[in-house]
Structures are given as C-alpha cells and as structure tokens.
Amino acid sequence: MERIIKMKNEKKSARGQDRGYWRPLPLGYLLEEYGLFSKKVVLLLGLWLVLFIISFLSVIYWIPSDWDTLASTRQAISLFLLFYPPLLISNLLLFWLGFEWGFIPAYLSTFMVALAFNMPMQWSILFGIAVVLGMGIFAVVYYSTHFNYTLNSVTHFAFFVGVALVASMASSLGSLIWSHVHGLTIEETLIAWQSWWTGTFLQLVFINAPILFVVGNRIERLKDKYFDVPERPEISLGWVYSAIISVVTVLVIFILSAEQLGTLRIEEALRNTPSDLANEILSASQTFELTAWIAIVILLAAGLGGIRLVESWNKALKEQVRIKRSLIAEIHHRVKNNMQLVSGLIELQLQNTENKLVEDELRKSHSRIYSMGKVHEQTYQHEDAADVNVDVYIESVIKQIKGNFGEIDDVRIKLFCSPFKLTINQAVTYGLLLNELLTLICRYEGNNSNGTTKISILVEEGDESIKTVFQGISSPFEIAGSGSLDETLINKLTKQLNTELNQIQGQGEGIVLEFTFDKKDSPSHFGSWEPAK
C-alpha cells in the first residue's frame with residue numbers, strides 16, 4: 001500500500017511540473033482509457049455538450065440581422081466579435097481540453113451562420129474552416145513550444161499576445177470569403193476585414209487571457225484529480241518547422257490582403273478624381289506597395305533564418321549528445337574491464353584455495369562482481385547508454401550462477417521474461433538481488449531435494465512496476481536470522497528497491513517467492529535513479 005501511495009505521489013509531482021503548459025486531453029484517449037459510460041467521461045461530455053449548445057444558440061440571438069449588407073459600422077462589428085460567445089468558448093476549450101473540443105463548436109456555429117445568411121454549401125464549409133484557422137495556429141504553436149498558457153509571467157503573457165495577433169489575422173481571412181459571396185464593395189470589405197481581426201484580437205487579449213490566468217491552474221488541477229492526463233509529447237523538429245511556416249504564411253497573406261485591399265480602395269475612391277491628381281496619388285501609393293513587398297521578403301527571410309537556426313541548434317545538440325554518449329560508453333567499457341580484471345584475480349585465487357569455506361565465499365563474490373559488470377557491458381554495447389535490457393541481462397546472470405556452483409547441476413532454471421529495460425542504477429540493484437536470491441534458492445534446492453528440481457522465474461513488466469516470481473521451490477526457507485553477508489545484502493537491496501519478499505504457498509506443494517518494485521523511467525542519458533533511504 002505504501003508503494004502504491006508513493007507511486008501516485010510521484011506521478012502527481014511529475015504532473016505538477018507540467019501543470020499550466022498545454023496538455024490536451026484527447027477524446028479518443030478518454031474513450032479508450034475510461035470507456036464511454038464512465039461517470040467521469042459522461043460528466044465531462046455533458047459539460048462540453050452544455051457549452052456547445054450555449055455556443056450554438058448564441059449564434060441565433062447574437063449575430064446582427066444586417067450582416068449580409070454590412071450596414072453596421074466598424075465599431076459595431078468589432079464589438080460583436082469582441083463578445084462573440086462561440087469563439088470565446090471554443091478558445092477556452094482549446095486550451096483546457098484540446099483542439100477537437102474547441103474546433104467542433106466553433107466550426108459548427110460558424111457554419112450555421114454561413115447557412116443562415118444563404119451562403120452556398122461549398123462556401124459555407126470553407127468559411128467555417130477559415131474562421132477556425134486561428135485555433136489551429138494556437139494549437140500548432142503551443143504544441144511546438146514550452147510556454148505556459150496560464151500566463152503566470154510577463155514572458156508567457158507577451159508570447160500569448162503575439163500568437164493571438166497572428167491567430168486573429170488568420171481567422172480574419174473568413175471575412176474575405178464573406179465579402180466575396182455577398183458581393184460587398186471594396187470599402188465594405190475593408191471595414192469587415194479590419195473589424196474582424198481587431199475584434200478577435202481584443203477578445204483573446206482582454207477576455208480569454210484573464211480567464212486563462214484566473215481559472216487555468218484550477219482546471220489543470222481538476223484534470224489531474226479526475227483523469228490520468230497524457231504526458232506532453234516530446235517537441236519534434238517537424239512541429240517547430242510547422243509552427244514557423246504557419247506563422248510566416250499567415251503574416252504574408254495578411255500583408256498581401258492589406259496591400260491589395262488598400263490599393264483597390266484607393267482606385268475606387270479616385271474614379272471621380274481629376275486624372276492628374278489621381279495619377280499622382282496612385283504613384284504615391286506604389287511606395288506603400290513596395291513597402292509591403294519588402295516586408296514580405298523580410299518575413300520570408302526571417303522564417304527561413306528561423307528554420308536554419310533551429311536546424312543548426314538541433315545539429316549542435318545531436319553532436320553534443322553523440323560525444324557524451326561516446327564518453328559514457330567508454331566509461332562503462334573501462335568499468336567492465338576493471339571488473340573483469342577483479343573477476344580474473346578471484347578465479348586465480350580460487351585455483352590456489354583448498355579451504356572449502358573460503359572457496360564458497362570467493363565464488364559468491366565472483367558472481368556479484370559478474371552481475372554488476374554485465375550491466376556496464378550491456379550499456380556500452382548498445383546505443384542507449386542509459387538503460388539495460390533486462391531479459392538478456394537475467395539470462396547471463398543465470399548462466400554465470402550455474403557455472404559457478406557445482407552443487408546446483410540438478411537444478412533446472414527456466415526464465416519467462418518479455419523484453420523491457422531498466423535504468424542502470426536500478427538494473428545493478430535488481431541484478432544483485434536476483435543473484436543473491438537465485439544463488440540461495442538453487443543451493444538450497446541442490447542440497448535439500450532429491451532428483452532434479454525445476455525452478456521457474458517469471459518477470460512481468462506492468463505500467464509502473466516490475467513483478468518477479470520464483471516458482472518451484474520445494475519448501476519454505478529462512479533468509480533472516482543467519483547474520484551472514486547474504487542476508488545483509490538481500491535486506492539492503494530490497495530496501496533500495498522499496499520492496500518486500502513474500503513467500504506464499506503455490507498451487508501444488510511448492511513455495512512461491514515474489515517481490516514487486518516500482519519502475520523508474522530514465523528522463524535522459526544523464527538522469528539517475530536514487531534508491532530509497
């Protein structure tokens with residue numbers, strides 16, 4: 001029970017370190033992990049459905065009746081988008097639960113708006129996608145970076161404002177589709193476009209941001225309390241490139257749209273202007289066009305430079321990791337060689353020892369040194385210098401024990417172990433404990449049973465723990481009470497693994513010895529596992 005409580009506390013501590021960063025709770029994951037009819041899932045889906053209905057109904061009562069003619073002023077449109085409920089609710093759902101939770105209500109609500117104002121089906125579909133582009137920008141950028149969406153510092157808030165600006169520009173492309181379908185004039189299109197992105201941006205900064213700041217951490221605690229939230233995935237280079245390309249593309253389209261709308265508006269206004277004056281004004285407007293193209297070139301150069309910079313950083317980091325892996329492998333190789341040298345000295349001593357008791361203790365020491373040396377041998381032979389293949393490791397320990405002690409020739413050992421890995425420190429402790437227990441069991445059976453004894457070792461990897469079972473032991477045997485080095489080592493090693501040895505009656509006449517310990521993941525090649533004191 002103490003081990004389970006400790007495991008849960010460690011998981012909570014790890015989650016607490018990521019709390020506030022974007023951790024989606026995918027709907028597919030919830031259904032697979034908990035099932036559709038789980039109370040927690042049903043409650044969450046019910047709350048989401050309520051918000052979805054509110055978002056859907058708000059479209060009916062909130063949208064102005066004159067949007068098809070755009071009789072509203074720029075201020076009226078900005079105010080409408082500032083308090084537009086579907087967008088407000090969907091962006092909050094995006095940060096709290098994930099992209100699909102916010103995308104569905106935002107898209108369907110926008111799609112309904114398009115149909116209500118007689119937009120053709122194909123344009124309605126495209127209009128809905130264009131409006132939620134801003135949510136896609138948020139998802140890609142926050143997935144590719146490590147910024148806190150609860151805005152607990154000036155840096156995180158400034159980052160949020162920058163992404164909000166780009167997201168608003170992306171979603172404003174829907175106004176161009178709206179204007180095209182309804183045949184609005186250039187002036188009306190310009191009003192719609194400017195009002196759209198400013199209203200959306202103001203909503204994100206002055207409404208969404210304060211809510212995320214006040215409620216965000218509470219929502220994250222509730223998620224951790226009721227759900228096993230998936231860990232944040234590792235940030236891949238592809239996602240970083242996607243974020244850079246997305247932002248640059250949106251900004252380029254935004255500048256081109258502004259330049260084109262501005263030019264068309266000027267041309268429309270100069271139709272009734274004397275030709276000489278009109279030509280001078282058009283000539284002056286070309287300066288703004290040149291400025292726009294210069295800005296686009298700078299943006300593209302900055303985007304390519306950002307990709308190049310990330311790529312060079314990635315190469316430098318890979319080279320550092322390669323060098324450190326080589327150094328670590330060399331260290332393990334030298335440690336293994338030194339242990340082999342000690343083992344060789346012990347073997348030489350064994351050849352010159354006639355005292356049976358001394359010989360017995362030397363063989364035990366030889367097995368212990370071998371079990372530790374085998375860990376270091378595995379680490380330098382494999383690319384991943386942080387973990388040990390347990391199945392291969394246990395096979396080598398069993399082979400060494402059988403070769404070291406002649407009295408266990410009648411003991412047959414069969415291993416059942418699926419491939420998995422342990423960290424180096426934990427593998428050394430686990431290997432030494434297996435060595436002591438298996439030596440004790442095999443010698444006990446070899447000296448006290450008649451005929452051949454079959455010992456089965458079952459090693460099972462769970463989600464968070466490793467279970468080891470010895471089957472086929474003929475009768476109970478005492479580990480404690482002897483005061484020997486064997487007993488001391490077993491007690492120390494079980495304490496380090498934070499476990500206990502349990503002897504229980506098997507299904508037949510035999511005894512089963514088992515123990516379970518928590519598995520420690522290696523966060524990096526240089527992380528270490530600290531045993532319990």
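Helix H8 (residues 133–144) has 12 residues, which should span 16 Å at 1.5 Å a residue; its end C-alpha atoms lie 17 Å apart, in agreement. The expected span is 1.5 Å times one less than the number of residues. Helices are DSSP runs (H or I, at least four residues), numbered from the N terminus. The model is predicted: local features need pLDDT of at least 70, side-chain atom pairs count only at pLDDT 80 or more, and totals for chains, interfaces and linings use all residues. Residues are numbered from 1 along each chain as its sequence is written, and side-chain values use heavy atoms, without hydrogens and water.

H8 is mostly covered, with nine of its 12 residues buried (under 20% relative accessible area; exposed is over 50%, partly exposed in between; 1.4 Å probe, protein chains only). Among the buried residues are Gly134, Phe138 and Tyr142.

The unreviewed UniProt entry annotates several transmembrane regions, including residues 125–145 and 157–178. Such annotations may be inferred rather than shown by experiment. Residues 125–145 are 90% helix and 0% strand, with end C-alpha atoms 30 Å apart. Residues 157–178 are 95% helix and 0% strand, and their end C-alpha atoms are 32 Å apart.

Helix H11 (residues 186–226) falls short of a straight helix. Its 41 residues would reach 60 Å if straight, but the end C-alpha atoms are only 52 Å apart. H11 has a kink of about 50° centred on valine 215. The bend at a residue is the angle between axes fitted to the seven residues ending there and the seven starting there.

Leucine 57 lies in helix H3 (residues 39–62). Leucine 57 is partly exposed, at 41% relative accessible area.

Terms used: Helices (H or I, at least four residues) and strands (E, at least two) are DSSP runs, numbered from the N terminus.
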